[in-house]
Structure formats: structure tokens, C-alpha cells
Amino acid sequence: WLDSFLATVTFRMWMRKARYGTYLNKWGRTLADFGSAVTKLVENSSGLHISVTPWNRIICDAVDFANNPKIELLELTEAQLYERIDTNGYDRNMVESLCATKKARETTDKKRKDNKNDYYKLYEIHGKFPLSNITGKKSDSKIYVQQMHVISYVEVKTGRKSEYQDFTLYRGREKHDPYTIAHLIEEDGRTLAIGAYEHLFETQWMQNHSMKAIKD
């Protein structure tokens, strides 16, 4: 009884620290809007953290979510990058080199989001890859283990040609995949279930068609 009581108290303290109520609100709304929600659970030097990963920040397989790599897009400030040297184990030399190449945030069609060059775009990759990606040994190329890599690249134009500087801020093994997915109703053959937005596609199409007919 005492062990159960202490575990409950500890769990409640963690939920307050991790803002578990805020997580549940975001999780429920994402689930309703899109039909599926991705949860990320990470433990580092600052503790155990739980969050909802927005669909516009994750790249994953459209059919099989569980058995394929996931890539999360991060846009961090210089202060956040240096903070992650201690909390997430980022390589200090790589962070300093990356911070020397500032670039404004851009949309997918290469338009600037803002006028500040204070953000750095990173790609956080999780999945099962050859162990040789970490050890550099050719003998480990057939051994697959769960890994995490944080990389970035910067385009450098030399005349008409473009070259790319690559930065590996972190690489290493991890115990498990930090991402899990939940569905309102799971759909066969696709990662993303059907949410409120997709249910309205045909209704919106008919509304557009009717307004076009009235205009004509």
C-alpha cells in the first residue's frame, strides 16, 4: 500500500511538471481534427517530457508508421541550440559552426517567414539504421539498431552552382522509438486516419461547385 501511495504521489508531481493537462488538450484536438495524433515521449537530463508532434512538423511513411524512420523538423534559436548541448547532448563544435551560418526562416515555396536570421532548421531522425552510421565500421553495416540523428545543412552558392555544408549535431543509439500514434478509427493501408478536415472535403467541393454555378 505504501509503495502504491508513493508511486501515485510521484506520478501526480510529474504530471504537474510536464503539464500533462495541456498535453491531453492538444492530443484530443489533434485527434479530432486529423483523425490521428502522434505523441513524443523523451527522457533526458532535465527529466521525462511528453508532447504532441504537429503533423506539419513530421515526415513519416504514409502507409506504415511504426516500422519506418520518422523525421521531425525543428526550428531553433541560437540560445536553444546551446541549451541543448547540456540537455540533449548536441556536439558543441557543430553547434558553433552552424551558428556561424544564420539564415531566415522560409516557407516550402522559399518565401521568407520573417526578416530575422535567428533560426536554424534541424532534422531530428529516429529509426533503425545500420550500426556503422555510428561506429564507422564496415563490419557493422548489417547490424540494425534504433538510432537518433540530428542534422542540418546550409546551401552555399558558388556562382551558378550550389554546394551544401552538412552538420551532424548528434548521433547515437536509443532504447526505443519515442513516437507513438493514436487513431479515432484506424484505416487500413494508411498512417493518417480520417478526421474532421477530411470528412469536409466533399462538402467543401460541393459548396465551391454550387457557388461557381451561381456565379456562371
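Student: What volume does the largest pocket have?
Tutor: The volume of the largest pocket is about 1300 Å³. This is a predicted model, in which local features need pLDDT of at least 70 and side-chain atom pairs count only at pLDDT 80 or more, while totals for chains, interfaces and linings use all residues. Residues are numbered from 1 along each chain as its sequence is written, and side-chain values use heavy atoms, with hydrogens and water left out.

Student: Okay, but what counts as a pocket?
Tutor: On a 1 Å grid over the protein atoms alone, a pocket is an open set of points where a 1.4 Å probe fits, with protein on both sides within 12 Å along at least five of seven lines, and its lining residues have an atom within 4 Å of a point. Grid points are joined across faces, edges and corners, and the volume is the space filled by probe spheres set on the points.

Student: Which residues lie nearest its centre?
Tutor: Of the 42 residues that line the largest pocket, Lys40, Val42, Asn44, His49 and Ser51 lie nearest its centre.

Student: And which strand gives the largest share of the lining?
Tutor: That is E2, with 7 residues; helices (H or I, at least four residues) and strands (E, at least two) are DSSP runs, numbered from the N terminus.

Student: What order do the strands have in the open sheet of 3?
Tutor: The order is E2-E1-E8, with antiparallel pairing, where two strands pair if DSSP finds at least two bridges between them. E2 and E8 are the edge strands, each pairing on one side only, and the twist averages 25° from one strand to the next.

Student: How many bridges join E1 to E2?
Tutor: There are 7 bridges between these antiparallel strands, and threonine 39 stands opposite valine 52 in E2.

Student: Which strands does H2 lie across?
Tutor: H2 lies across E1, E2 and E8 and runs at about 150° to E1; axes are lines fitted to C-alpha atoms, for helices over the stretch in contact (heavy atoms within 4.5 Å), and angles run from 0 to 180 degrees between N-to-C directions.

Student: New topic: is serine 132 buried or exposed?
Tutor: Serine 132, which is in helix H5, counts as buried because its relative accessible area is 18%, and buried means under 20%, exposed over 50% and partly exposed in between (1.4 Å probe, protein chains only).

Student: What is serine 132 in contact with?
Tutor: Leaving aside neighbours within four places in sequence, serine 132 is in contact with Lys137, Asp140 and Ser141.
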